[in-house]
Amino acid sequence: MPEISLNVLDVAENSTRAGASLVTITIDADFTSDRLSIVIDDNGCGMTPQQVEQVTDPFFTSRTTRKVGLGVPFFKLAAESTGGSFTIRSEPGVGTTVTAVFVLSHIDRMPLGDINTTIHTLVIYHPDTDFVYRYRYNDRSFTLDTREFRQVLGDIPFASPEISAYIMDYLSENKLETDGGAQY
Amino acid sequence: MKTLEELKAIRERMQSQVSMRAEDHNHTRVVVGMATCGIASGARPVLTKLSGLVQERNLTDKISVTQTGCIGLCQYEPIVEVMEPGKPKVTYIKMTPDKAEEVLERHLIGGHVVEEYTLSAADIK
């Protein structure tokens, strides 16, 4: 994967597949501590301690279409190869929290990439899942909460062109105001 | 900061329009594989391109673009499947945003399958 945002897209997909009704994604870039923390938290079906252990093994998957499961191992390797860390906390029936911490200044850290499109894709293509997205850049931040959108919109689908465009604008304008267009 | 007020204004505008289309059986479904294999090989820009074009050209009442997981043909990702009512499914492989645009124009609008991009045209080993 060439971008961290693609890892986020991939791993958050697991949350929706786990039947989560709410997925919270936090991106926190803090240049003072030189850390980029990514937390994907869901209230899906969760995993047993044994499954948690297996999930970072590339040769384990719960799928039947193929024999490998590379999403989580990719994310783990990406974080750990920068001197960062990777943890999964999970409980059956409660949910799963995946935390990846990257060292921002490390030469092997891949760029965050197009995180707006990742969040937009998740929101638009999972109409039955709510997402809370928190983006923090040093001491500034903004939040997107699809529950608020839903309250305004009633049964108007997120995928309708006007709403889809609004959500993309919401992400790009607020991100720009938060990080001033920083590329990292 | 962009606010919810703008969203309310959009809602007001939309509610005055004719009600939304229902997904009927005349709908063409375009499905993009978005598992690890798809994403790693470039499915996200393909999905974004397709859904963008479908909206731009006002085709949303005829074509719905959705995503799916891995169908087990990881080496051929990004994969786009086209399901037209009453016709056999067409599987396009190794897609790019440019190829996707071509498929939209020649197949989804023009009605002719772009044979050279399909799985059946691939040299299967």
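Where does Pro2(A) lie relative to α1 of chain A? Pro2(A) sits in the segment before that helix, where helices (H or I, at least four residues) and strands (E, at least two) are DSSP runs numbered from the N terminus. The model described here is predicted, so local features need pLDDT of at least 70 and side-chain atom pairs count only at pLDDT 80 or more, while totals for chains, interfaces and linings use all residues. Residues are numbered from 1 along each chain as its sequence is written, and chains are lettered from A and ligands numbered from 1 in the order in which they are written.

Pro2(A) counts as exposed because it has 11 C-beta neighbours inside 10 Å; a residue is buried if 20 or more other C-beta atoms, placed from the backbone, lie within 10 Å of its own, exposed if 12 or fewer, and partly exposed in between. Pro2(A) and Thr56(A) are separated by 54 residues in sequence and by 19 Å in space, C-alpha to C-alpha.

Asn7(A) counts as buried because it has 29 C-beta neighbours inside 10 Å. Phe74(A) is 67 residues from Asn7(A) in sequence, yet the two are 7.5 Å apart in space, C-alpha to C-alpha. Leaving aside residues up to four places away in sequence, Asn7(A) touches Met1(A), Phe74(A), Phe75(A) and Ala78(A), contact being defined by C-beta atoms, placed from the backbone, that lie within 7 Å.

Helix packing in chain A comes next. Two packed helices are described by the angle between their axes and the distance between the axes. The axes of α1(A) (residues 4-17) and α3(A) (residues 71-80) come within 9 Å and cross at roughly 140 degrees; axes are lines fitted to C-alpha atoms, for helices over the stretch in contact, and angles run from 0 to 180 degrees between N-to-C directions. This angle makes α1(A) oblique to α3(A), given that angles under 35 degrees count as roughly parallel, over 145 as roughly antiparallel, 65 to 115 as roughly perpendicular and the rest as oblique. On the α1(A) side, Ile4(A), Asn7(A), Asp10(A), Val11(A) and Asn14(A) meet Gly71(A), Val72(A), Phe74(A), Phe75(A) and Ala78(A) of α3(A). By class, this contact of α1(A) with α3(A) has six nonpolar, three polar and one charged residues; Ala, Val, Leu, Ile, Met, Phe, Trp, Tyr, Cys and Pro count as nonpolar, Asp, Glu, Lys and Arg as charged, and the others, Gly among them, as polar.

For α4(A) and α6(A), the packing angle is about 150 degrees and the axes are 10 Å apart. That angle makes α4(A) roughly antiparallel to α6(A). The crossing of α4(A) and α6(A) is right-handed. From α4(A) the contact draws on Asn116(A), Ile119(A), His120(A), Val123(A) and Ile124(A), and from α6(A) on Ser164(A), Ile167(A), Met168(A), Leu171(A), Ser172(A) and Lys175(A). Six nonpolar, four polar and one charged residues make up the contact of α4(A) with α6(A).

Turning to the meeting of the two chains, the contact takes 30 residues from chain A and 25 residues from chain B. On the side of chain A that touches chain B, at least two residues each come from α1, α3, α4 (115-125), α5 (146-153) and α6 (161-179). The largest share of that side, nine residues, is supplied by α6(A). By class, the side of chain A that touches chain B has 15 nonpolar, six polar and nine charged residues.

Chain B has four helices and four strands, and its elements run α-β-α-α-β-β-β-α from the N terminus on. Of its 125 residues, 34% count as buried. In the loop between β2 (63-68) and β3 (80-83) of chain B lies Pro78(B), and the peptide bond from Glu77(B) to Pro78(B) is cis, with omega near -10 degrees. Lys94(B), in the loop between β4 (90-92) and α4 (97-109) of chain B, has a positive phi of about 45 degrees although it is not a glycine.

Note on methods
A crossing is left-handed if the near helix is turned anticlockwise from the far one by less than a right angle, and right-handed if clockwise.
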